[in-house]
Amino acid sequence: MSTPHVVVVMGVAGTGKTTIGPLLAAELGVPYAEGDDFHPAANIAKMSAGTPLDDADRWPWLDAIGQWAHGRAGLGGVVSSSALKRAYRDRLRSEAPGAVFLHLSGDRSLIEDRMAGRKGHFMPTALLDSQFATLQPLEDDEAGVAVDVSGTPQEITQRAVAALRRLDT
C-alpha cells in the first residue's frame, strides 16, 4: 500500500481477528495490537460470565483502541476490534479519522465451529447470537473492505491484503 493505513480488523467473535490481525500486520510490515488487551478487567469478567457488553461498557474500550490507532496515523498499524455497529466505527474514526476497516465475515456455522474449538478465550459461543444480532456491516461511505473467512489463515490474509490494496487504487 502506498501510505501505511491503520487497519481495524473487525467482525463477530470467532471470525479470526486475533489470528488474521498479526498475519496481516506482518504482511504489511506494521505493528499489531490486540483489541482485547484494551478491555478493562470488568468487561472481561462480564463477557466471561456470558453477559454481553452494553454501549457504556464499550465506549472507554473503543476510545483506547482509537487512541492507539491515532498514534499510528501515517505510520500504519493493525488492531483488532469487533466494531460491530456503525456507531462504534464512528467512535473509532473520531479518534483516528484515517482508519480503514477489514470486516472478516462468514457463515455462522463455520464461525461457531471455530469458536467451539478455541481454548482459553473468554468469549463463550453462547454470545455469538448477540454478536450477529448487533452486527451492522460496513456501509458504502465507510473506508474498508469485507473478506470471507473461509479457508486457511494464510488464504484469508492474502485476500485481505489484495482487498486493502484495491482501496489505494
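Student: Which strands does helix α1 lie across?
Tutor: This is a predicted model. In it, helix α1, residues 17-28, lies across β1, β2, β3 and β4.

Student: And at what angle does α1 run to β1?
Tutor: About 160°. Strand β1 covers residues 6-10.

Student: What order do the strands take in the open sheet?
Tutor: The order is β2-β3-β1-β4-β5. That makes five strands, with parallel pairing.

Student: Which strands stand at the edges?
Tutor: β2 (32-33) and β5 (144-148). Each has a single partner strand, so one side of each has no neighbour in the sheet.

Student: How many bridges join β4 to β5?
Tutor: Five. Strand β4 spans residues 100-105, and it runs parallel to β5.

Student: Which residue in β5 stands opposite Ser105?
Tutor: Asp148.

Student: New topic. Which residues touch the most other members of the largest nonpolar core?
Tutor: Val7, Leu24 and Leu102. That core has 41 residues.

Student: Take Leu102. What is it in contact with, leaving aside neighbours within four places in sequence?
Tutor: Val7, Val8, Val9, Met10, Leu24, Val145, Val147 and Ala160.

Student: Now Ala83. Where does it lie?
Tutor: Ala83 lies in the loop between β3 (77-80) and α4 (86-95).

Student: Is Ala83 buried or exposed?
Tutor: Buried. Its relative accessible area is 0%, and the cut-off for buried is under 20%.

Student: What about phi of Ala83?
Tutor: Phi is near 45°. That is a positive value in a residue other than glycine.

Methods. Residues numbered from 1 in each chain as written. Predicted model: local features only at pLDDT ≥ 70, side-chain atom pairs only at ≥ 80, totals over all residues. Heavy atoms only, no water. Helix = DSSP H or I, 4+ residues; strand = E, 2+ residues; numbered from the N terminus. Buried < 20%, exposed > 50% of the residue type's maximum accessible area, 1.4 Å probe, protein only. Core = buried A, V, L, I, M, F, W, Y, C linked by side-chain atoms within 4.5 Å. Contact = heavy atoms within 4.5 Å. Pairing = 2+ DSSP bridges. Axes fitted to C-alpha atoms, helices over the stretch in contact; angles between N-to-C directions.
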